[in-house]
Amino acid sequence: MAKAASTSTNKLPAPDLGASNGGETHQTAAKGGAVLTTNQGIPISDNQNSLKAGARGPTLLEDFVLREKIMHFDHERIPERIVHARGSAAHGFFEVYEGLADITAADFLQRPGEKTPVFVRFSTVAGNKGSFDLARDVRGFAVKFYTQQGNFDLVGNNMPVFFIQDAIKFPDLVHAAKPEPDREFPQAATAHDTFWDFISLTPESTHMIMWTMSDRAIPRSYRMMEGFGVHTFRLVNAAGEATFAKFHWRPKLGMQSVVWDEAVKINGADPDFHRRDLWETIDQGDVVEFELSLQLFSAEDAASFDFDVLDATKIIPEEVVPLRPVGRLVLDRNPDNFFAETEQVAFCIGNIVPGVDFTDDPLLQGRLFSYLDTQLKRLGGPNFHQIPINQPKCPFANYQRDGHMQMAVPTGRVNYEPNSLAPNGPRETPNGFRTFPRNEEGGPAIRIRPESFADHYTQARLFFRSQTPVEQDHIVAALVFELSRVETPAIRERMVANLLNVDNDLGARVADGLGMKPPKAAPAAVAPRDMELSPALSILEKAIPTFKGRKLGLLVGDGGDAKLVKALQTAVEADGGVVRIVAEKIGGVTLSDGSVMAVDFKVDGGPSCLFDAVAIVVDEAGGARLAGMAAAQAFVKDAYGHLKVIAATEPAMPLFGKAGLSDADMDEGCLMLASPDDAKVFVAKAAAGRIWPREPTLRPTP
Ligand code: HDE
């Protein structure tokens, strides 16, 4: 906390929550721990029974212990975020690689190796706070840097573009995506009429739709997705020179997604899949790491692009402006309390520091209003910056006073500026934040979209055509699925008419998948052009072959070969992965050497969709037993269907048979575990990723 230099600064007392915080207190309970008290500090003698007139009589209004407790409970919830309600967060630091004084005066980017504390919240967008993690959706990637010159909030997404170009359309977009207002479903899903009705009438969203229908919308983990600041920002150096910048986060583990059928099943098996993954990774002592890179370009560069850098539906391909790595983000500490930190964190894109500045992107400009406004509603008053997670970690002082839930106790008579009565009170500084004196166009007050925003299809085409065939198939399949859930045929038709502008083949395939005749392509304000393809837009092109951070689901039967189990564990751990044991009983599994191994999941509680690869180690009897269990059959069938690498001992073959897999189905991703040496081969194969050639045999796309 800030140490106030004078009597007139905002001085927040350190919260002393005493006994209710489990802290030290002069009141000591009979058993030696802290005394349970009311919020007024009054010791409580009975927390089990309310005060009644007689043992079976009515409860008395006089019971202040009961009334306080219930009143507080009744008010435990605050409004959930209108978007991005479901999220998970972690603490960590940002470490800058080298001083960036040439491009920005931002204090936290000056000294090589300097670490700045951060709090990062990942989220889905459309679902409510209790929705499932594997919705097909954009993911939020919001970073609060607690710099020595104040808090910098980089509130981004895992996709570099957005659905709309102007903030005025945001409420409509969100209404359309959320559950329909008369029936309040579907939850956390865009596969319904209102969403596609809006999208089919909003061609500017076509590029973003390519991203949300791609596998980027179903990431394997928050640790395995990219992040983007989306808008063009300005960086300004000490000499007052500005450079345009786009922010990019790259995951250390590489990008990875799940397949759609897997996402659907994960949502049932573990709706907290991403939340748990983030928590457990940090809890077991690992860290989550991303690299921050900048795309830097001048005003002249911007003028030379054939799209407008103020248009948030456009990217700048990295092949055109390369990424400059500037630092790394490391998340290494879980929150202590979800509500106090993850729920109450208030990101405001208006929180920027000297050396960073905005641009005239009309989406960004609208967001500048929205985030501050929404925090007032959610957190209930103007003092939300005093909540510990939102407080700057550098000194802060001004003459703002009072308001709901004021925690500071400013002293002295001076609460205004200029003043002469508090000579040590806070004053302006020449080093303070200065807006870059950008040249504004001026002109008449009009509601109009610039011509330079009018090309809605060129970059959608660039994205689609830059994908590998497998990824293109997934986009087609996602569009067919989503539109197949749309009841109004005219909406389906309008959407396909838009897609025909992106790529003829894409439109035709989706039409085929929907069983309709392709309509005429929609009129395009600007005819789409062909750009140089950008392989950097593909997940698969950038995949890193590693099992690091991944999970093996090891299904073991009683009597399973102990040496094999050990070899698998060693091989996985050597590559940085983890093993989870799935068995018939949660109490333990007895291996061939008589040892009893701890079990993580009972077989029907640990379906294979929760793991990146699976192995089955059983003896004859175990194989026969598992073959008779539906959950074990599904374990194998789904692992195969989700294109995973599978290894098994010979006695598991009857289980494969029961799962509907014959010898003819055994492909390069199905490995036999004959000896412990096979473990390494299996892990190397699993590290290489999914068995894509299997997919067309299971899920042919139009
Ligand atoms: Fe947000 N957005 N947004 N958004 N957004 C919110 O703020 C809004 C947009 C993003 O983990 C809200 O605190 C408008 C783009 C993230 O707490 C709200 C527009 C991008 C988060 C809001 C956009 C984002 C939010 C809801 C169009 C990527 C979660 C609760 C002009 C660059 C932050 C809240 C967290 C949250 C408004 C568009 C990212 C209502 C008006 C583009 C990651 O203020």
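The charged end of lysine 393 sits over the ring of tyrosine 146, 4.3 Å from its centre. Here, a charge sits over a ring if NZ of Lys or CZ of Arg is within 6 Å of the ring centre and within 35 degrees of the ring normal. The model is predicted: local features need pLDDT of at least 70, side-chain atom pairs count only at pLDDT 80 or more, and totals for chains, interfaces and linings use all residues. Numbering runs from 1 along each chain as its sequence is written, and side-chain values use heavy atoms, with hydrogens and water left out.

**Charge over ring**
- Tyrosine 640 also has a charge over its ring: the charged end of arginine 694, 4.1 Å from the centre.

**Iron and ligand**
- Tyr371 (OH) is the only protein donor of the ligand's iron atom, at 1.8 Å.
- Donors are N, O and S atoms within 2.8 Å of the metal (3.2 Å for Na, K and Ca); water is not among the atoms, so sites may look incomplete.
- Tyrosine 371 belongs to helix α9, residues 362–379.
- Helices (H or I, at least four residues) and strands (E, at least two) are DSSP runs, numbered from the N terminus.
- The ligand is surrounded by 23 residues, and Arg81, Arg121, Ser370, Tyr371 and Gln375 are the closest. A residue counts as near a molecule if one of its heavy atoms lies within 4 Å of it.
- The shell divides into 12 nonpolar, 8 polar and 3 charged residues. Nonpolar covers Ala, Val, Leu, Ile, Met, Phe, Trp, Tyr, Cys and Pro; charged covers Asp, Glu, Lys and Arg; the others, Gly among them, are polar.

- In the side chain of arginine 121, an N or O atom is 2.6 Å from an oxygen atom of the ligand.
- Glutamine 375 places a polar side-chain atom 2.9 Å from a ligand oxygen atom.
- For histidine 84, a polar side-chain atom lies 3.4 Å from a nitrogen atom of the ligand.
- The elements giving two or more residues to the shell are β3 (139–147), β4 (150–157) and α9. Helix α9 gives the most, with 6 residues.

**Aromatic pairs**
- The whole structure holds 26 aromatic pairs. Rings of Phe, Tyr and Trp (its six-membered ring) pair if their centres lie within 6.5 Å; planes under 30 degrees apart count as stacked, over 60 as edge-to-face and the rest as tilted.
- Phenylalanine 233 and phenylalanine 247 pair edge-to-face, 5.5 Å centre to centre with 75° between the planes.
- Phenylalanine 233 is in strand β6 (residues 233–236) and phenylalanine 247 in strand β7 (residues 242–251), so the pair ties together parts 14 residues apart in sequence.
- Phenylalanine 233 is buried at 5% relative accessibility, and phenylalanine 247 is buried with a relative accessible area of 5%. Buried means under 20% relative accessible area, exposed over 50%, partly exposed in between (1.4 Å probe, protein chains only).
- The rings of phenylalanine 611 and phenylalanine 635 are tilted, with centres 6.5 Å apart and planes at 50°.
- Phenylalanine 611 is in the loop between β15 (601–602) and β16 (613–617) and phenylalanine 635 in helix α17 (residues 630–641), so this pair ties together parts 24 residues apart in sequence.
- Phenylalanine 611 is buried at 2%, and phenylalanine 635 is buried at 1%.
- Ring pairs also link a cluster, with Phe94, Tyr222, Phe233, Phe247 and Trp249 among its members.

**Valine 120**
- Valine 120 lies in strand β2, residues 115–124. Its relative accessibility is 0%, so valine 120 counts as buried.

Key:
Polar contact = N/O pair within 3.5 Å; in protein donor to acceptor, adjacent residues only side chain to side chain.
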